[in-house]
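Here is a short walk through one protein model. Keep the structure in view and follow along from strands to loops to cavities.

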Amino acid sequence: MAFSSSSSTSLTDQVARRARILTSHLNQITTSYSSPSLERSVCLEYSPTEISEKINFDTAEMRKLLDDHNFDDRDWLFGLLMQSKLFCPKTSGGKVFVTPDFNQSKEQQREVTMKRIEYLLDRGVFNGWLTKTGVEAEKRKFALLDVIGIYDHSLAIKVGVHFFLWGGAIQFFGTKRHHDKWLKDTENYVVKGCFAMTELGHGSNVRGIETITTYDKNTGEFVINTPCESAQKYWIGGLANHATHTVAFSQLYIDGVNQGVHAFIVQVRDADGNVCPNIRVADCGHKIGLNGVDNGRIWFDNVRIPRENLLNSVADVSPDGQYLSAIKDPDQRFAAFLAPLTSGRVTISVSSIYQSKIGLAIALRYSLTRRAFSVSPNGPEVLLLDYPSHQRRLLPLLAKTCAMSFGANYLKRMYINRTPQANKTIHVVSSAFKAAFTWHNMRTLQECREACGGQGLKTENRMGHLKSEYDVQSTFEGDNHVLMQQVSKALIAEYIAAQKRKKPFKGLGLEHMNDPCPIIPAELTSSILRSINFQMDIFFLRERDLLHRFSSEVSQLQAQGESKENAFMLTYQTAEDLAKAFTERSVLQTFVEAEVAVSDGALKSVFGLLRSMYALISIEEDISFLRYGYLSPDKDAAVRKEVTKLCSELRPHTLSVVKSLGIPDAFLSPIAFDWVAANTWSPAQQ
């Protein structure tokens, strides 16, 4: 190929120019490498958030509203956990952190979990958990369990199974003879209890469990048997290594007639730790998380227990084999046997919100000190949280977590002050909140992990293990999708009952159904979008419309010949939409109630931002508002725009809200603070 003279000259000039640039660049590199040390001015330095960020309101006051009760008891236990090497204190970046050592083997994690329980027992943490009654005793128990869960999920579950499931079953299902014999020894860990309900073949469908118990009137004993492999009790927390006794749920047969599911006390191990005769125990094995809990499997080979070991508050069997129960309806009797699961759903709901708080506190603190990129050629790098995209990732989750805190407190208070009349409401709300809050927690932890970049992968920064440890929450005490469908079944039952009796709605928060249908304004200005009236109205509108739709769909299917059960199965999508609407409306109401009680102007202003963020992000994320026409596309766009504005307005208050979450520094992680010092090279670490 031939080149012209001008082309050749141009090419030569380009080569020369590039050579000059490379020479200059190499000279700069040589100069920099010949320097004895790097200039400090070119290195990033950690600057504490407390220096750069303003505290705009009383964070102690907000913490009281979020934690709700027993602040001194919480702080006492936080201090207790930090005082012992059992809780793995570690210094990093000049601060002490306490977190379990997840690098230990399954066996080591299980044994140290038991040692931690013994440490807490010796220091009076569990005093009165089963032997004291009344609101104050229950509030103390719940508060201390919150703290235990903030430290370690395995420890909280091991304690929760023993006190809330085994101990709760003795309290709820037992009578005075059981209380006198078992509760004090359970509180003192002389007896180590577990809760054998789930089977290999049946989890959520408790009514279908296959374990069989018969009564032998000749000896006055019950005989418990595992008739097939699918009837083996599975995932029984505390069983594999430590439990001495269990509450076993079984089908009770009297003279060949199945009386349904009942609960029995069965001794599993003797005083020396040996498994009792005619009982087989096996380990469930290593799990993706929660390895500090010794989940086990159990088979009963015609195990004989005294007649007195039937927990008989709901039903009893006389010495001569007569079945006795004041509750004649089998369905109502079965519902009574599920009572302990309510406490489990309450504690899971509360726990999942605290884990979201931990993840957000770490990720947001990191984003307030970590910088990336600059917006001008020679300008400083920008804080992560000053990027609108980063705000959009984390601040709506922070608002949701605060909102759900008030929902969790409402549920906890309702449970602690429970009456027989409130049982249905507690069941419905605990089912809804357990599902919604655990889903929220897993989403939050994943977003926080990603928002921390590579540092989020390090074990010491907690994100990965928080995800794996708490993943199980969406499964135990009821599959989330099943629970949400149960919520909608309860709502439609209330709807049909109100229509039949032609009386106003009362209960489950459905009183708004008695009012005229809300009307959404033609124009959604910023002030309207942020108003409590608009937010409540549109949540009411969604719930009442979905309740009408769900009822109509079920009725139409039944009219076409489908059974009631099949009709519910076929309308599951509307059912879950309705349950979500019920849940978010309930949470918003609890937030509004908390906000109304605030008198401090600065705090009230932040509450308004958080409440509006919760309401509007819930609207934006639920396609129901567009699918069913509650909002037009342009109004939905207005909501989205307002969320972005709220992010920028919440940004200056981020540290203040984080400091209000009730999580001490020691229970966070190194990247939440001086992540430069935490990663500084030290000969001792090599």
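This is a predicted model: local features need pLDDT of at least 70, side-chain atom pairs count only at pLDDT 80 or more; totals for chains, interfaces and linings use all residues.

β9 and β10 run antiparallel and are joined by five bridges. Isoleucine 279 gives a place to look: phenylalanine 300 in β10 stands opposite. Strands of a sheet pair through backbone hydrogen bonds, either parallel or antiparallel.

Move on to another set of strands. β4 (residues 212-216) pairs with β5 (residues 221-225) in the antiparallel sense, over five bridges. Which residue of β5 is the bridge partner of aspartate 216? The partner is glutamate 221. The two strands, β4 and β5, form a hairpin, and four residues lie between them. Glycine 220 sits in the turn, with a positive phi of about 70 degrees.

β5 has a further pairing to follow. With β11, β5 pairs in the antiparallel sense over four bridges. Here phenylalanine 222 stands opposite isoleucine 305 in β11.

Next, the loops. Most residues other than glycine have a negative phi, and most peptide bonds are trans. Asparagine 302 is not a glycine, yet its phi is positive, near 55 degrees. Look for asparagine 302 in the loop between β10 (296-300) and β11 (303-306). Is asparagine 302 buried or partly exposed? Asparagine 302 counts as partly exposed because its relative accessibility is 45%.

Lysine 502 also has a positive phi, of about 50 degrees, although it is not a glycine. The loop that holds lysine 502 runs between α14 (480-501) and α15 (526-529). The relative accessibility of lysine 502 is 75%, so this residue counts as exposed.

Last, the empty space inside. Rolling a probe the size of a water molecule over the atoms shows where empty space is left. How many cavities of 30 Å³ or more does a search of the whole structure find? The search finds four.

Take the largest cavity. Its volume is about 90 Å³. Which helix gives the most to its lining? Helix α7 (residues 153-173) does, with four residues. The lining residues include Ile157, Lys158, Val161 and His162. Also among them are Met114, Tyr189, Lys192, Gly237 and His242. By class, the lining has five nonpolar, five polar and two charged residues. Two domains take part: domain 1 (60-173) and domain 2 (193-329) each supply at least three residues to the lining of the largest cavity.

The second largest cavity has a volume of about 60 Å³. Here helix α5 (residues 106-122) gives the most to the lining, again with four residues. Among the lining residues are Gln109, Val112, Thr113 and Arg116. Others in the lining include Pro100, Asp152, Gly292 and Glu469. By class, the residues of this lining divide into three nonpolar, five polar and four charged.

Methods: Residues are numbered from 1 along each chain as its sequence is written. Side-chain values use heavy atoms; hydrogens and water are left out. On a 1 Å grid over the protein atoms alone, a cavity is a set of points where a 1.4 Å probe fits but cannot get out, and a pocket is an open set with protein on both sides within 12 Å along at least five of seven lines; lining residues have an atom within 4 Å of a point. Grid points are joined across faces, edges and corners, and a volume is the space filled by probe spheres set on the points. Ala, Val, Leu, Ile, Met, Phe, Trp, Tyr, Cys and Pro count as nonpolar, Asp, Glu, Lys and Arg as charged, and the others, Gly among them, as polar. Domain bounds come from an automatic or database domain assignment. Buried means under 20% relative accessible area, exposed over 50%, partly exposed in between (1.4 Å probe, protein chains only). Two strands pair if DSSP finds at least two bridges between them.
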